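This report describes one protein model, shown below. Please keep the structure in view while reading.

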Amino acid sequence: METLEALHSRNSVTSLSEPVPTPEEMKMVFQAALRAPDHAWLRPWKFIQVTGEGRKKLGDAFLRTATAVIGDLSEALVEKAKNAPLRAPMVLVLIADIKEHPKVPEIEQIISTGAAAQNMLLALHDLGYAAVWRTGKMAFNSEITKQMELPESNRVIGYLYVGTPTGRVKEIPKLDMNKFVSFWD
Ligand SMILES: Cc1cc2nc3c(=O)[nH]c(=O)nc-3n(C[C@H](O)[C@H](O)[C@H](O)COP(=O)(O)O)c2cc1C
């Protein structure tokens, strides 16, 4: 796939099943992430690839986080938190490991991790897989950092749910670039 074709045709997909990318394919996906722009080369990116039983472990961390943040949970909320990672056969946890630097604030390191996430979405698309980026209450939250037993410097900025599309894939909206761009000549 040509680069521009991949950029123009990427589509978020929420209905995802097996197969997931092979280890060789995931190497290419992570190498794409590691080409994200990165002020002062701080390398703030961290990813956790979660599959199989690992998704239950992640669900348990979601449940502990929801309990700590919300308090007493209804049975429906317990099920929702616990089962969230089971919505796809692979989940990639997106983490910014924030470094102290006189010229590079936290926001730039989070943006860089977001750019790495977009590179992964595009690489997955190029390889014929699909994904959706999710956040919700389990991101940008110090409790999830604690419950995943990550260092305090780590910000969980979201999750890529990954797999092979099942069912109908939505139509890509056609947007008029002139509504988003102005020109100073
Ligand atoms: C940082 C970020 C967080 C997001 N969080 C969620 C989310 O929690 N739930 C959700 O349904 N979509 C979420 N989205 C939106 C989807 O990933 C996706 O972009 C959206 O469904 C539109 O589809 P498209 O990317 O194909 O245009 C998020 C997107 C971004 C960039």
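## Strand pairing

Strands β3 and β5 run antiparallel and are joined by eight bridges; strands count as paired if DSSP finds at least two bridges between them. Within this pairing, Ala96 stands opposite Arg155 of β5. Strand β3 is also joined to β2, by seven bridges, and these two strands run antiparallel as well. Here Ile48 has Val93 of β3 as its bridge partner.

The model is predicted: local features require pLDDT of at least 70, side-chain atom pairs count only at pLDDT 80 or more, and totals for chains, interfaces and linings use all residues. Residues are numbered from 1 along each chain as its sequence is written.

## Overall architecture

The protein contains six helices and five strands. Both kinds of element are DSSP runs numbered from the N terminus, helices being H or I with at least four residues and strands E with at least two. From the N terminus, their order is α-β-α-β-α-α-β-α-β-α-β.

The radius of gyration, taken over C-alpha atoms, is compared with a globule rule of 2.2 Å times the number of residues to the power 0.38. For 185 residues, a compact globule would have a value near 16 Å, and the protein agrees with this because its value is 18 Å.

## Burial and the nonpolar core

Of the 185 residues, 30% are buried. A residue is buried if 20 or more other C-beta atoms, placed from the backbone, lie within 10 Å of its own, exposed if 12 or fewer do, and partly exposed in between. Strand β3 is mostly covered, with seven of its eight residues buried.

A nonpolar core is a set of buried Ala, Val, Leu, Ile, Met, Phe, Trp, Tyr and Cys residues joined through C-beta atoms within 7 Å. The largest one has 41 residues, and those touching the most other members include Val91, Leu92 and Met120. Strand β3 gives the most to this core, with seven residues. Nonpolar side chains tend to be buried together in soluble globular proteins.

Which residues does Val91 contact, leaving aside its neighbours within four places in sequence? They are Val50, Arg55, Leu58, Pro85, Tyr159 and Tyr161, where contact means C-beta atoms, placed from the backbone, within 7 Å.

## Around the ligand

The ligand is surrounded by Asn11, Ser12, Val132, Trp133, Arg134, Thr135, Gly136 and Gly158, each with its C-beta atom, placed from the backbone, within 6 Å of the ligand. Strand β4 supplies the largest share of this shell, three residues.

Technical notes:
Two residues are in contact if their C-beta atoms, placed from the backbone, lie within 7 Å.
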